[in-house]
Amino acid sequence: MGTSFGRGGATTFQQDLPNADCIVIQGSNMAECHPVGFQWVMEAKARGAKLVHVDPRFTRTSAVADVHVPLRAGSDIAFLGGIINHVLTNEKYFRDYVVAYTNAPMILSEDFRDTEDLDGVFSGLDPESRSYDNQSWQYEGMEMQSAAGERDMEYEERTEAVSEAARGEAHGSGGAAIGEGEPERDLTLEHPRCVFQVLKRHFARYTPEMVERICGVPRERFLQVCDLVSENSGRDRTTAFAYAVGWTQHTVGVQYIRTAAILQTLLGNIGRPGGGILALRGHASIQGSTDIPTLFNLLPGYIPMPHAHTNENLDAFIEAEATRKGFWGDMRSYFVSLLKAYWGDAATAGNDFCFDYLPRLTGSHSTYETAMAQIDGVCKGYFLMGENPAVGSADAKVQRLGMANLDWLVVRDFSLIESATWWKDGPEIESGEMRTEDIGTEVFFLPAAAHTEKDGSFTNTQRMLQWHHQAVEPAGDVRSDLWFTYHLGRIIRERLAGSADEMDRPVLDLTWDYPTKGRLAEPDAEAVLAEINGRGADGEPIASYTQLKPDGSTTCGCWIYAGVYADGVNQAARRKPGRDQSWVAPEWGWAWPANRRVLYNRASADPEGRPWSERKALVWWDAEKGTWTGHDVPDFIADRPPGHRPPPDAEGPDALAGDDPFIMQADGKAWLYVPAGLMDGPLPAHYEPQESPFTNPLYGQQRNPVRHLLPPHPDNLYAPSGDAPGADVFPYAATTYRLTEHHTAGGMSRWQPYLAELQPEFFCEVSPELAAERGLGHGGWATIIAARGVIEARVLVTGRIPPLTVDGRTLHQIGLPYHWGPNGYSRGDAANELLHLALDPNTHIQEAKAIACDIRPGRRPRGPAALALVRAYRDRAGITDRTGTEP
């Protein structure tokens, strides 16, 4: 969504869903996985909205939907692309919105070639490095801007394409930079190379018949969804989309979301009440962990982490990363304020505000590369805080093998999770692949405080910060993450005190002066929030990111959070009842940016500043007062009139016209077509999953040609696909999902006796037809085998996961909840033992939703016999370390 609209967060908020006329939930089982937010879907239904649920399984969400569409896991682009084709072919798009607010009129370079021209790939593909050169994707009249600053040959040779793959998430709050110049436009949308016409040609083959062939969705059911979505969009009606990891956990996950973004943009549903796209988050602060990131390639506020270029200073970095137009053009102010928050008085103009203190990326350092680096002996130590990779990450065996090769491992958690005990009771101990006495890793387990035992904030699915207050003191040796991090830093700094080694300066110069309180010397969480908010030259809290300066006079720990501590008040702690304020509820918590609840809401008004319709009014131009006003905080420059046209030499926010609603984009428009910012193409294209029982019916290109594959490893092999020899050894597709009763890898829920009683055992869902085909008994045991491992599960025979007819033959799918492991009250095998390490090239997210497998009755073998079974399957399928790695 960042490359489509300018920010990666949800474009709207859940309390706005009752304003929708239609809601499509796809890639999510919202009723069970986000039950609190689902109340607003039910409110929408009570007001007359139609609900569509697209999911391989019939769930509690499906049960209340007007239409449930079972489809093949891994085929969502074909389904959504078919709706786009329907909208374009039948002229159901909101033309006035599209012409004014999107890049549909932009004319593309003569050098661009589409998947239609090149049988499934775009121009610029280098199959050897598995990467695209996007120069040919640019607009006509634009000169290419370097993607990452000054280059050097040694750097390129060292990191190859992987370095660029590490940049894919840098558009969470600011769209990608585009080249210099003025793009050519055709407002009639007739030019054969304008984005609109390219879009029509690209999706023309996504016909209802092709959707049925790829997805297994009958033509009539598909057209029913097309009608519901298109008839409930336009000037006076809006449709909302909601998704979760059912979309993201694919080798084309980002392009799933891009397809929805294209559809919603064509229909004029972005920035308007009852519209938008909700990226549902599965944990209370997953949004916060990307805003103030736990991601290796980002700094707070989605500022990209610098790469290891030679001769790159602050000016070169800003020139490469900032945009000429829009609020991302003020990147220097955001970045310098962050450096000042980190290093205070030590950061001066004379030393580039300590820019050289920052670490540098030499490639992708995702959790999966880190596991491989552990196996290779490069990564020697590991902190696990709120993660349980021994059962919760893809290819869990690789994770355990990596941890077994560390010098030390620190695990902070509530319970003795599997990542703390694998060295004595993990599957490899049972199989004889590892012996406890041979493992040199020193494991430290430190008990962690729960959210009830500490102050702090959650940033939820709609970018809203909510403060939680400490209810009780943590008992015994239990400590908060804030306590652990602060005191670890304090002790390290004390030990380095007096060091003359320049390598120690970045640690010693840090601002590390947080006040503490109580018998445990707990750092004051509100003091940290105030630092994140930022201060002006006078030391007072700033109220908005627009107050940040590039000269070092302001500090800010995360520019998109600027204002959360405005006037010295914890805005996240506000709890004004909804009955006492408007439906937008601006005084309940605080949402970034600037407490806006609906992003891009300038698009809710027409180019002249009038609401597209009174029924869907949100913000509008008040000519008498000379300001934008409305129900929400306008996502626009408050006093910029609709007819404003900037001078040709204007830059940054000053370059935004009065009808440029997408203020974080380099051209102020929503991007139907992405000329820069994505690793795998400017438009979505249907590719088969890494492992698939089918050959791609659309193109000769089977898989995403630039999917991110890790180096070959004996425990990360891929099954053959389509019509390749051996593909029939793994004839079924497995998909993972979560339950209401358990949470992620089970670290919090499997140790709770009441929750363990509600869901006591790992199970697999199969259809009656598959049960009969494979001799599976309801309540009995099944063994599931993939190219990487074998697990067992109790059998749940159910009509909720029906067989589909795909490309002329029957496909059976198997549902696997992913919460289990061998520890706790509720125990079982981990579904993630089956997953491979083929990743989305933009975000490095694993493909957990479409895995090739086989299933057979009975319990799995134990010890060495389990390894022998997997080897036998590999031999039958002819699997080598090259299988599935073809471009």
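Which helix holds both Arg490 and Glu494, and how many residues apart are they? Both residues belong to helix H22, where they sit four residues apart, or about one turn of the helix. The notes below set this pair in the context of the whole chain.

1. **Basis of the model.** This is a predicted model, in which local features need pLDDT of at least 70 and side-chain atom pairs count only at pLDDT 80 or more, while totals for chains, interfaces and linings use all residues. Residues are numbered from 1 along each chain as its sequence is written, and side-chain values use heavy atoms, with hydrogens and water left out.

2. **Overall form.** The chain has 27 helices and 31 strands, which are DSSP runs numbered from the N terminus (helices: H or I, at least four residues; strands: E, at least two). Its radius of gyration is 26 Å, close to the 29 Å that the globule rule gives for 887 residues, so the chain is as compact as a globular protein of that length; the radius is taken over C-alpha atoms, and the rule is 2.2 Å times the number of residues to the power 0.38. Along the principal axes, the C-alpha atoms fill a box of roughly 75 × 70 × 60 Å.

3. Of the 887 residues, 63% count as buried, where buried means under 20% relative accessible area, exposed means over 50%, and partly exposed lies in between (1.4 Å probe, protein chains only). Among contacts (heavy atoms within 4.5 Å) with a separation of 6 or more, 73% come from residues 24 or more positions apart. The chain exposes about 32000 Å², of which carbon and sulfur atoms supply 51%; accessible areas come from the Shrake-Rupley method with a 1.4 Å probe, and for residues only the protein chains shown count as cover.

4. The structure holds 46 salt bridges, each defined as a side-chain nitrogen of Lys or Arg within 4 Å of a carboxyl oxygen of Asp or Glu. One of them joins the side chains of Arg490 and Glu494 at 3.1 Å, N to O; Arg490 is partly exposed at 28% relative accessibility, and Glu494 is likewise partly exposed at 49%. Another joins Asp481 and Lys454 at 3.8 Å, and because Asp481 lies in helix H22 and Lys454 in the loop between S14 and S15, the pair ties together parts that are 27 residues apart in sequence. Asp481 is partly exposed at 33%, whereas Lys454 counts as buried at 17%.

5. **A link between distant parts.** Asp455 and Lys517 meet through their side chains in a salt bridge of 3.1 Å, N to O. The pair links distant parts of the chain, with Asp455 in the loop between S14 and S15 and Lys517 in strand S17 (residues 516–517), 62 residues apart. Asp455 is partly exposed at 22% relative accessibility, and Lys517 is partly exposed at 39%.

6. **A nonpolar surface patch.** Phe383, Met385, Trp408, Phe444, Leu446, Leu488 and Ile492 make a nonpolar surface patch of about 550 Å². Strand S12 (381–385), strand S14 (442–447) and helix H22 (481–496) are the elements that give two or more residues to the patch. Patches are made of residues with over 30% relative accessible area and no salt bridge, with like charges joined within 9 Å and nonpolar side chains (Val, Leu, Ile, Met, Phe, Trp, Tyr) within 5 Å. Trp408, placed in strand S13 (residues 408–413), is partly exposed, with a relative accessible area of 31%.

7. **The enclosed helix H24.** Eight of the nine residues of helix H24 (residues 525–533) are buried, so the helix is largely enclosed by the rest of the structure. Its buried residues pack against helix H16 (331–343), strand S15 (456–459), strand S16 (464–468), H22 and strand S18 (522–523). Asp524 caps the N-terminal end of H24, with a side-chain oxygen 2.9 Å from the backbone nitrogen of Glu526, and just after the helix Gly534 takes a positive phi of about 105 degrees.

Key: A polar contact is a pair of N or O atoms within 3.5 Å; within protein, one must be able to donate a hydrogen and the other to accept it, and residues adjacent in sequence count only if both atoms are side-chain atoms.
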